[in-house]
Amino acid sequence: MDRADRRRRGKSDPLDAQNAARAVLSGRAYARAKSGDGPVQIARMCKLRKASAVKARTQAINQLKAVLVTADPPAGEAGRTG
């Protein structure tokens with residue numbers, strides 16, 4: 001899609017995919033796909049692992065807090081006033 005057409009129509013992933021496929025089939029596009037190895041890919045995977053670990057940790061902490069808040073107090077503490 002040319003720039004003027006894109007400016008008029010806005011961003012659209014389905015249209016972008018169709019136009020990319022047409023460009024490849026017509027021979028206008030000759031770019032190669034990125035390889036899945038190398039230092040950039042290693043850095044990307046490390047960042048993804050860290051983000052996943054942080055998210056899992058946050059979920060575990062939130063779940064533990066929810067359990068502690070909603071848990072019944074022990075039977076011996078029910079009648080105490082402090």
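Pro 14, Val 24 and Leu 25 are exposed residues (over 50% relative accessible area, with a 1.4 Å probe and protein chains only) on the face of H2 that is turned away from its buried side. The structure is a predicted model, in which local features need pLDDT of at least 70 and side-chain atom pairs count only at pLDDT 80 or more, while totals for chains, interfaces and linings use all residues. Residues are numbered from 1 along each chain as its sequence is written, and side-chain values use heavy atoms, with hydrogens and water left out.

From the N terminus, the order of elements is α-α-α. The mean pLDDT (the predictor's confidence in each residue, from 0 to 100) is 82, and 87% of the residues reach 70 or more. Among the elements, the lowest mean, 74, belongs to helix H1 (residues 3-9), and the highest, 93, to helix H3 (residues 39-70). Where pLDDT is low, the predicted coordinates should not be read in detail.

Of the 82 residues in the protein, 6% are buried (under 20% relative accessible area). In H2, the buried residues are Asp 16, Asn 19 and Ala 23. These fall within an arc of 70° when seen down the helix axis (taken from the directions from the axis to the C-beta atoms), so they line one face of H2. H1 is included in what covers them. Helix H2 itself spans residues 13-26, and its 14 residues reach 20 Å from first C-alpha to last, close to the 20 Å expected at 1.5 Å a residue (1.5 Å times one less than the number of residues).

After H2 comes Gly 27, with a positive phi near 90°. Leaving aside neighbours within four places in sequence, Ala 29 is in contact (heavy atoms within 4.5 Å) with Ala 23 and Val 24.

Definitions and conventions: Helices (H or I, at least four residues) and strands (E, at least two) are DSSP runs, numbered from the N terminus.
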